[in-house]
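User: Please take me through how the strands pair in this model, and then through its pocket.

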Amino acid sequence: MGGTIGAVSLDCKTKIDIIAPGVSERNQPVSFRLQAECEKEILEGLTVSAVIRKPILEKPEVPGVYEAEFTVEGINQVTGQPFSCVKSESIWIG
């Protein structure tokens with residue numbers, strides 16, 4: 001009895017980077033930059049939603065550390081499989 005066994009890897013690590021300023025002025029817009037890649041291929045057509053969390057802070061004009069939570073969803077172009085990732089980034093509003 002004989003046979004051949006083979007395997008094909010469909011694994012591809014999706015890397016999500018969020019770049020945020022460390023400090024921002026009160027009552028000013030804050031810009032975040034997001035880059036997603038898989039095997040050095042830039043992923044496009046992603047859905048990104050963001051929620052600003054303000055622990056211990058009641059008004060947005062109050063100085064302090066704010067946390068932005070990002071949910072990124074898309075299709076991995078290498079594997080064809082959907083993925084979802086949640087990342088957080090903190091910023092000082094002063």
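User: Which residue stands opposite Cys38 in β4?

Analyst: This is a predicted model in which local features need pLDDT of at least 70, side-chain atom pairs count only at pLDDT 80 or more, and totals for chains, interfaces and linings use all residues. Residues are numbered from 1 along each chain as its sequence is written, and side-chain values use heavy atoms, with hydrogens and water left out. Strands are DSSP runs of E with at least two residues, numbered from the N terminus, and two of them pair if DSSP finds at least two bridges between them. Strand β3 (residues 33-38) runs antiparallel to β4 and is joined to it by two bridges, and the residue opposite Cys38 in β4 is Glu41.

User: Which strands stand at the edges of the open sheet, and why is one side of each left without a neighbour?

Analyst: The open sheet has three strands in the order β1-β3-β4, with antiparallel pairing. Each edge strand has a single partner, so one side of it has no neighbour in the sheet; these strands are β1 (14-19) and β4 (41-42).

User: Which element gives the largest share of the lining of the largest pocket?

Analyst: A pocket is an open set of points on a 1 Å grid over the protein atoms alone, where a 1.4 Å probe fits, with protein on both sides within 12 Å along at least five of seven lines; lining residues have an atom within 4 Å of a point. The largest pocket is lined by 13 residues, and the elements that give two or more of them are β6 (64-75) and β7 (82-93). The largest share, three residues, comes from β6.

Key: Helices (H or I, at least four residues) and strands (E, at least two) are DSSP runs, numbered from the N terminus.
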